[in-house]
Amino acid sequence: MRLLASIIIVFTAVASLPAQDFAGIQFHGFVTQGFVFSSHNNYLTMQTSSGSLQWTEGVFSVSDTISDNLRVGIQLHMFQLGQLGGPNIRVDWASGDYRINDYLGFRGGKVKTVMGLFNDSQDVDAIFLWTLLPQCSYPVDNEGFFLSHLGGEAYGYIPLGKRSGKLRYVGYAGYSYLPLDEGYIKQISDAGLTFTNEPSGKTYGGDLRWETPLKGLLVGYSPMVLGLSGTAPGGSLLVPTFFMSASYAQFTRGKFYLGTEYDKAPYNEFLTLGQQQIYFPTDARAWYVMGSYRLTKRFQAGSYYSHYINKALDTSLPANYSKDFVLSERYDFNSYFYAKIEDHFLHGTGLGYYQSTNPNGLQTNSNILAAKIGFSF
Amino acid sequence: MLAFLACAGAANAQDVIFVANRDVQVSAISASDLRAIFTGEKTRFADGSHAVPVILKGGPAHEVFVKNYCRETPEEFRAQWRKAIFTGQGAMPRAFDSESALIAYVAATSGAIGYVSRVSSAASVKTLAPEK
């Protein structure tokens, strides 16, 4: 709650400058407070079985349009999710963006990684109906690793003619870092290996999305190659270079939205603890389908189904799958304030659960109520 | 030109009038270019000159513009820009409470383009005819 108080003070001060610009400089931000209650198990490192408010997030960004072609900016991010995150301020992105023309531009620095429908925007709560995005593809306890990379990207679009739509593209290369205050590191720490420096690895990939001639229909594909390594006192982590991909489509028409995505990530993780080497094979297959409708200007409702399995292991075991049926509602009080509420009917324990907050084991099924209030400017 | 402006003094309830700084060389603009400029996809007019889109914060003209030219609801339009801002991919167009303030800014800003429900013949801006 001290974190929340600090964020509110900063945002209240900045909100007196309501998203205005001073000769090209813009300030924006948002802050959210969440609540999660679960019928069984403790979810996302929070004590959710007794109801938890340990989910607070704040973002503040500054950008400056220096010339017609050049823009620079930085975004700071602070979050607390149960035992994850904390008072440390993280740089979400910090980049220079040089746009040669409408067909080609370059960004360099720490840039958000475009992958699938929502990877680069998964931490922008204000734009979503969903309190939690499909956890099979966008796990909130591990969003930092895939969210951005240190490097550069080329982006733009290619018009394909009036009858063929247009193609948007992004190609990038750089380094990804595994944040020390997120879920992967916590799980490794629970296994007995504590990192003091962020494991990292080279990454490169891209995204192609076709805005089809059918108004509102978009289809896309995002390939990515990455690896990861790091050493800690008493051991090391190695994930040899692997290929992952996301295929997706969305359709928007007026107040309707439909979206779907299929992700594939086969990789091997080698954890060395002293003389002992532990091998974790993973062949993650994830998909979701979602739909929503805006019933009034202020009220939106929707649903999704999220499906995850680890094909490298016995998929009949609850620890190797996670199937989540979700009902969501969002109410916008005005352009700045909103509230969300969401019901999860979760089957399987493959995602979002930690031994440290579930010392007595896990039950296969749990119903979860997640709610959030947010302010964005 | 004045006669044209006088004729274009008020849009019907189903449409808006596009106004631009007088240094904007194009006199007509396609609906797809309008959408691309106001959603941040394009930053230039068809002649290659830099475009500076400006918007209204709300109201009937904003709703008509978003619906007719961006094919979105105002809420979707706002969400798309928020996405661009918070992913580092764009800067929000300057937004105005009133049409008169928008017109004054467009008149004073090179490359600026905006939309209003009506414009007086004396306004120091040019109007752009959208090609549908």
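A residue is called buried here if 20 or more other C-beta atoms lie within 10 Å of its own. The legends below describe a predicted model.

**View 1. Buried residues of helix α3 of chain B.** Helix α3 spans residues 60-70 of chain B, and its buried residues are Ala61(B), His62(B), Phe65(B), Val66(B) and Tyr69(B). These residues lie on the same side of α3(B), because the arc they cover around the axis is only 130°. The elements of chain B against which they pack are the helices α2 (31-38), α4 (74-86) and α5 (99-108), together with the strands β3 (52-56) and β5 (112-116). After α3(B) comes Arg71(B), which has a positive phi, near 55°.

**View 2. The largest nonpolar core.** This core comprises 87 residues. The members that touch the most others are Phe18(B), Val19(B), Ala20(B), Val106(B), Ile113(B) and Val116(B). Beyond its neighbours within four places in sequence, Ala20(B) is in contact with Val106(B), Ala112(B), Ile113(B), Val125(B), Lys126(B) and Leu128(B).

**View 3. The contact between chains A and B.** Chain A contributes 31 residues to the contact and chain B contributes 19 residues. On the side of chain A that touches chain B, two or more residues come from each of β2 (25-38), β3 (52-65), β4 (70-81), β5 (84-101) and β6 (104-112) of chain A. The most are given by β3(A), with 4 residues. By class, this side of chain A has 12 charged, 11 polar and 8 nonpolar residues.

Notes:
Residues numbered from 1 in each chain as written. Chains lettered and ligands numbered in written order. Predicted model: local features only at pLDDT ≥ 70, side-chain atom pairs only at ≥ 80, totals over all residues. Contact = placed C-beta atoms within 7 Å. Nonpolar A, V, L, I, M, F, W, Y, C, P; charged D, E, K, R; others polar. Buried ≥ 20, exposed ≤ 12 C-beta atoms within 10 Å, placed from the backbone. Arc of directions from axis to C-beta. Core = buried A, V, L, I, M, F, W, Y, C linked by C-beta atoms within 7 Å.
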